[in-house]
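Thanks for coming. I have one structure to go through today, and I will give each cut-off when I use it.

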Amino acid sequence: MEINSELKNTNKFAQFFFKTPKKYGESLLYLLSLSLIAGAETTLLLYSTTQKGMNVLNGSSISEMGPMNFIISTIAMGSLGLLFTFIVQILIVYLLYLVLKEKPVNIKGIFQAVVNAGMLIVLGSGVNALVALSVNAKETTFTSLALLVKEKNSFLHTFVAEFELFYIASLILFSFSLEKLTFIKRKNAVIITITVALISFVFHIMTVASGTYLK
């Protein structure tokens, strides 16, 4: 009985992550929902950083912006930022499929793969936001190697911040999802995942350097 129960749970897990949605609207709803959740998490995280005197939002304080403007601005920032990331990722993956000559391109499968990875990213953001609210450390990521670097404004801190538990898990799930949902070769799924991760890293470095993104 226990073995059968475990198999059923495994099947439910597989069906949830590796079942291609019947309609694009279903995937779009997931993307929008994840983006809104990310927006709320951004509000919590930025509230925590401002309370600790960290230089965010161009040095503006909540009192200067007003509580309502702060909430609206940070939710919009987090939501639109993640939604834009989702759209760009889907386009990049689509182009990589063409380059690797993986045809026909299963757009619905790519959508779901992005959703799967996004779920873990949003979960990780929520965990970090809650931890940030409960501790006094001037840090925004508590599940990465960045905690080991004392100089918070260094390139090393920015670099090792990419080695984050939930982000790495999301890349692994993304790779498996591409393989299972779009029937792509495993080697090509790995190549696409690594390429997306490298592009994300370069973009992260650029945005941190410009001062528009929290490390």
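A salt bridge here is a side-chain nitrogen of Lys or Arg within 4 Å of a carboxyl oxygen of Asp or Glu. With that definition, a search of the whole structure turns up one salt bridge.

Before the details, two notes on conventions. This is a predicted model, in which local features need pLDDT of at least 70 and side-chain atom pairs count only at pLDDT 80 or more, while totals for chains, interfaces and linings use all residues. Residues are numbered from 1 along each chain as its sequence is written, and side-chain values use heavy atoms, with hydrogens and water left out.

Now the overall layout. The chain has eight helices and zero strands; helices (H or I, at least four residues) and strands (E, at least two) are DSSP runs, numbered from the N terminus. There are 215 residues, and 40% of them count as buried. Buried means under 20% relative accessible area, exposed over 50%, and partly exposed in between, with a 1.4 Å probe and protein chains only. The accessible surface of the chain is about 12800 Å², and carbon and sulfur atoms hold 69% of that; the areas come from the Shrake-Rupley method with a 1.4 Å probe, and for residues only the protein chains shown count as cover. Taking contacts (heavy atoms within 4.5 Å) between residues at least 6 apart in sequence, 68% join residues at least 24 apart.

Next, helix lengths. The expected span is 1.5 Å times one less than the number of residues. Helix 4, residues 67-99, has 33 residues and should span 48 Å, and its end C-alpha atoms are 48 Å apart. Its buried residues include F70, G78, F86 and Y97. After helix 4 comes K101, with a positive phi near 60°. Helix 5, residues 107-134, has 28 residues and reaches 41 Å from first C-alpha to last, close to the expected 40 Å. At its start, a side-chain oxygen of N106 comes within 3.3 Å of the backbone nitrogen of K108.

At the start of helix 7, a side-chain oxygen of E164 reaches to within 3.1 Å of the backbone nitrogen of F166. After the helix comes F183, whose phi is positive, near 60°.

T182 counts as buried because its relative accessibility is 9%. Its side chain also reaches the backbone oxygen of L178 at 2.4 Å.

Back to the salt bridge. Side chains of opposite charge can pair when their charged atoms come close. The partners are E179 and R186, at 3.1 Å from N to O. E179 has a relative accessible area of 17%, so it is buried.

Finally, the surface. L145, L148, F155, L156, F159, F163, I168, I172 and F176 make a nonpolar patch of about 880 Å². Helix 6 (155-160) and helix 7 (165-182) are the elements that give it two or more residues. Patches are made of residues with over 30% relative accessible area and no salt bridge, where like charges are joined within 9 Å and nonpolar side chains (Val, Leu, Ile, Met, Phe, Trp, Tyr) within 5 Å. F176, in helix 7, is partly exposed because its relative accessible area is 38%.

How values were computed:
Polar contact = N/O pair within 3.5 Å; in protein donor to acceptor, adjacent residues only side chain to side chain.
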